[in-house]
Amino acid sequence: TGLGVISFVVLSVVVWVSVQYETYSVPSYGSSMDPVLSAGDRVFFDENDTAPNRADIVVFEVESNEGTVKAVRRVVGLPGEQIKGESNNVSVRVPEGEWVRISDGYLPVGTATDDFGPITIRPNSYFVLGDDRVNENDSREFGAVEKSSIKGVVRYRYYPIGQFTKF
């Protein structure tokens, strides 16, 4: 019957998503990823993708006052690069290369970024920043994130339902 087919399809999608992705709920404190992700948002992240690209949003583990916790931030610097923030812009330099401003079209116009660096990113590490660049606890505070601490790349926001987003 039609209802049986629909039930089968829905169940198949649920099983596929639960095998392919893990879920993460953005904590109710802080505003690290505003306005892209807000407190209480829920996302699916791909636990099989632990080698992110620049601008990917990642879930990772970091030490905090409460022990090891999961956090979510955006990758802006890749292993082996140098990175700096200057005059509200973030720039990177690959070894032996020129400084290049990062395109951050995902941020609202006028987003402020405090000056920092330059910082050399260790091999197998990623420099992460929150999209709320001023009021943030990110790699400027706790250092680059080791690849082994990355739990996956965020692929979808599924809650709130009216704000479903593919990243």
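**Close-ups of rings and charges**

At 28% relative accessibility, F142 counts as partly exposed (buried is under 20% relative accessible area, exposed is over 50%, and partly exposed is in between, with a 1.4 Å probe and protein chains only). This is a predicted model, where local features need pLDDT of at least 70 and side-chain atom pairs count only at pLDDT 80 or more, while totals for chains, interfaces and linings use all residues. Residues are numbered from 1 along each chain as its sequence is written, and side-chain values use heavy atoms, leaving out hydrogens and water.

**View A. F44 and Y158, a stacked pair.** The whole structure has four aromatic pairs (Phe, Tyr or six-membered Trp rings with centres within 6.5 Å; planes under 30 degrees apart are stacked, over 60 edge-to-face, the rest tilted). In this one, F44 and Y158 sit 4.4 Å centre to centre, with 25° between the planes. F44 belongs to strand 2 and Y158 to strand 11 (residues 150–159), 114 residues apart (strands are DSSP E runs of at least two residues, helices H or I runs of at least four, numbered from the N terminus). F44 is buried at 17%, while Y158 is partly exposed at 26%.

**View B. F60 and F142, a tilted pair.** Here it's 5.9 Å centre to centre and 45° between the planes. F60 comes from strand 3 (residues 57–64) and F142 from helix 2 (residues 139–142), 82 residues apart. F60 is buried, at 0%.

**View C. Charges over rings.** R74 lies over the face of Y106, 3.7 Å from the ring centre, and K84 does likewise over W99, at 4.5 Å (NZ of Lys or CZ of Arg within 6 Å of the ring centre and within 35 degrees of the ring normal).
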